[in-house]
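Here is a short walk through one structure. Keep the model open and follow each step in turn.

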Amino acid sequence: MYLKQIERFPDDFLFGASTSSFQVEGAAELDGRGKAIHDLAEKKIGITDFSTASDHYHRMEEDVELFHELGLNMYRFSMSWTRIMPDGKNINEEGLAFYNRLVDKLVSYGIEPLVTIYHFEYPYQLIEEFGGWLSPKGIDAYEAFAKVLFTHFGDRVKYWLTINEQDHVVKISERLGLPKESTGLAFERKLQQANYHMCVATAKVIQLAHQMMPDSKIGPAVNPMPAIPSSGNPKDLIAAMEFNELSHHYILDLHCRGKFSPIHWKYMQDRDICPKVKTEDLQLMAANPPDFIGINYYLNQTVAHSEQETIALRGQGVFCEEEAGIYQLAENELIPQTDWGWNICPEGLSISLMDVCNRYQLPMLITENGLGAYDEVVDGKIHDTYRIEYLQNHLAQIKHCLSMGFPILGYCAWSAIDLVSGREGMDKRYGFIYVNRTNEELRDLNRLKKDSFYWYQNVIQERGQSI
Ligand code: BG6
């Protein structure tokens with residue numbers, strides 16, 4: 001829709017940026033930190049090593065000073081479960097001390113902290129003991145960790161995220177401590193049960209947050225990849241709608257309404273993979289909806305209907321090529337791609353914001369959005385015009401949605417500073433601040449401001465007038 005745009009982003013709109021602990025901190029074996037699931041990544045996920053990452057643990061003060069210079073209103077980060085509770089159960093004072101220093105430093109600069117309680121970093125000990133999220137004991141363990149965070153940081157942290165991308169935790173089995181190539185009925189049932197446990201855990205922690213910190217705002221962060229139909233064939237539109245149900249609505253329906261999406265429930269019934277459900281859990285979810293929904297948006301998908309007339313278990317992986325009998329991913333020549341084959345579709349952000357907000361009637365906070373790219377240092381500078389263009393186009397969509405009156409609290413770009421990408425290590429950079437290391441060499445880890453740093457600084461200063 002063409003409409004009269006707001007001139008600037010609202011005064012209380014939060015311009016921010018994000019990181020996650022295991023991707024940025026390093027110091028993996030220092031000061032009592034315990035092993036988390038990705039520490040076994042070399043064996044389990046086959047990606048780069050996170051032991052030094054961007055060395056933020058040692059350079060936190062310098063980094064926050066750079067965030068302040070950038071002008072951030074909000075900084076999103078996760079608190080490492082195994083730095084604070086190395087075995088998932090007992091407290092490590094040194095872990096608390098690090099995050100106390102970080103939160104104090106942010107607050108001293110007037111930067112609003114947004115804390116992710118759990119961002120893929122699951123204590124290995126709990127996987128060994130009872131299978132982590134696969135067991136109902138995972139709910140209690142997560143609640144106990146959240147309680148520690150609320151007790152120690154609730155006086156200064158108002159905004160919280162419960163679970164980062166539960167939709168992707170379920171789709172990438174290694175994140176649940178399951179072998180990479182797992183398949184089959186029993187495996188699919190485990191995924192659905194783990195998903196259900198995470199929904200119960202989310203409701204419990206939202207309830208706890210509101211009891212312990214009445215002014216707090218808490219919600220999940222999901223990663224919608226809104227599907228658009230590959231043609232004018234109505235079957236492709238239905239396939240796109242079903243894709244969206246099975247990719248993120250099924251989780252948000254539980255979080256926000258305490259109900260299973262009918263399509264998801266039927267999908268599980270047909271495949272005999274329904275989780276064990278208790279009525280009181282659903283009541284707990286319905287009574288404790290989130291205050292806002294965090295949206296991590298990178299890419300959309302184009303889908304066509306699946307020609308197969310069968311009921312099959314899905315293939316593994318985030319970008320599952322085909323759900324037999326439901327949808328298949330399709331090419332779309334109108335949509336360019338990143339070097340890693342991710343579709344670049346800024347309109348997909350509007351589609352997600354409108355869709356999620358209309359369906360759940362809750363405010364939204366963009367908790368991740370950014371471009372992973374190879375960056376090159378030339379004469380001490382990084383001219384990342386491609387990143388600026390990507391961010392600019394996505395911020396324009398947010399401005400458009402704000403102009404239509406959708407309640408959007410803020411925007412946290414991914415990422416504040418270069419960090420170790422989930423699967424590609426340091427080759428795929430996202431930050432406003434360059435970190436001088438590669439996958440092969442640690443180098444001096446010095447920080448360098450990219451062109452996008454100065455661009456975002458200006459956007460924040462003029463509150464998006466030129467977007
Ligand atoms: C999100 C995650 O899914 O995408 C981040 O929350 C991740 O942890 C980001 O880094 C980008 O993905 P990748 O694979 O390019 O690092």
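Begin with two helices. Helix α7 covers residues 137-153, and helix α9 covers residues 185-212. Their axes come within 9 Å and cross at roughly 25°. Angles under 35 degrees count as roughly parallel, so α7 is roughly parallel to α9. The crossing of α7 past α9 is right-handed. Bear in mind that this is a predicted model.

Now look at the residues where these helices touch. From α7 come G138, I139, Y142, E143, A146, K147 and F150. They meet H197, V200, A201, K204, V205, L208, A209 and M212 in α9. What classes of residue make up the contact of α7 with α9? It has 10 nonpolar, two polar and three charged residues.

A second pair of helices comes next. Helix α3 spans residues 56-70, and helix α5 spans residues 93-108. They pack at an angle of about 5°, and their axes are 10 Å apart. That angle makes α3 roughly parallel to α5. On the α3 side, the contact is formed by Y57, M60, E61 and V64. On the α5 side, F98, R101, L102, K105 and L106 meet them. By class, this contact of α3 with α5 has six nonpolar and three charged residues, with no polar ones.

Turn to the strands. In general, strands of a sheet pair through backbone hydrogen bonds, in either a parallel or an antiparallel way. Here eight strands close into a barrel, and the pairing is parallel. Follow the order around: β1-β2-β3-β4-β5-β7-β11-β12. On average, neighbouring strands of this sheet are turned by 25° against each other, direction ignored.

Strand β5 holds residues 217-222, and strand β7 holds residues 293-296. These two pair in the parallel sense over two bridges. A221 stands opposite G294 in β7.

Stay with β7 and find the helix across it. Helix α13, residues 346-360, lies across β7, β11 (364-368) and β12 (408-414). Its direction is at about 160° to β7.

Finish at the ligand. How many residues surround it? There are 14, and the closest are S20, G372, S421, G422 and R423. Sorted by class, the shell around the ligand has nine polar, four charged and one nonpolar residue.

Technical notes:
Residues numbered from 1 in each chain as written. Predicted model: local features only at pLDDT ≥ 70, side-chain atom pairs only at ≥ 80, totals over all residues. Near = placed C-beta within 6 Å. Nonpolar A, V, L, I, M, F, W, Y, C, P; charged D, E, K, R; others polar. Axes fitted to C-alpha atoms, helices over the stretch in contact; angles between N-to-C directions. Helix = DSSP H or I, 4+ residues; strand = E, 2+ residues; numbered from the N terminus. Parallel < 35°, antiparallel > 145°, perpendicular 65-115°, else oblique. Contact = placed C-beta atoms within 7 Å. Pairing = 2+ DSSP bridges. Left-handed = near helix turned anticlockwise from the far one by under 90°.
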